[in-house]
Amino acid sequence: QLQLVESGGGLVQPGGSLRLSCAASGVDLNYYAIGWFRQAPGKEREGVSCISLSGGLAKYAESVKGRFTISRDNAKKTVTLQMNSLKVEDTAVYYCYAQWGTCSGSDYDYWGQGTQVTVSS
């Protein structure tokens with residue numbers, strides 16, 4: 001059973017930055033693509049970013065492209081989402097997820113409990 005624990009959320013002003021981390025345990029992370037999705041109140045879940053098994057390929061939603069950067073360290077079993085130039089519309093609960101094989105669609109196999117990100121002045 002793969003377990004994912006997110007950290008790093010908080011309150012930040014528009015234009016600020018936050019760094020989210022996801023720690024994995026339970027299984028070999030090398031078999032899973034890892035990503036982040038978010039969900040704001042009253043809105044549908046949105047895939048934010050995903051990184052391939054080796055870390056060589058990263059995908060981003062158009063809404064965050066150029067502002068967010070995803071990375072992973074398979075040896076440490078961690079995934080990081082660096083979020084810069086944050087906007088009010090980035091406010092949501094952010095979830096780390098794992099997907100067997102490749103970054104593909106929204107059929108996630110595991111996800112964490114989420115961390116709140118609030119962007120407000």
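This report walks through the fold, surface and one serine of a predicted protein model.

## What you're looking at

Since this is a predicted model, local features need pLDDT of at least 70 and side-chain atom pairs count only at pLDDT 80 or more, while totals for chains, interfaces and linings use all residues. Residues are numbered from 1 along each chain as its sequence is written, and side-chain values use heavy atoms, with hydrogens and water left out.

## Overall fold

Look for strands here: the protein has eleven of them and zero helices. (Strands are DSSP E runs of at least two residues, helices H or I runs of at least four, numbered from the N terminus.) The radius of gyration, taken over C-alpha atoms, is 13 Å, close to the 14 Å from the globule rule for 121 residues, so the protein is as compact as a globular protein of that length. That rule is 2.2 Å times the number of residues to the power 0.38.

Along the principal axes, the C-alpha atoms fill a box of roughly 40 × 25 × 25 Å. Of the 121 residues, 42% count as buried, meaning under 20% relative accessible area with a 1.4 Å probe, protein chains only; exposed is over 50%, and partly exposed lies in between.

## Zooming in on S85

Where does S85 sit? Its place is the loop between β8 (78-83) and β9 (92-100). With 40% relative accessibility, S85 counts as partly exposed.

S85 touches G15, G16, S17, R67 and D90, leaving aside residues up to four places away in sequence; a contact means heavy atoms within 4.5 Å. S17 is 68 residues from S85 in sequence, yet their C-alpha atoms are 6.2 Å apart in space.
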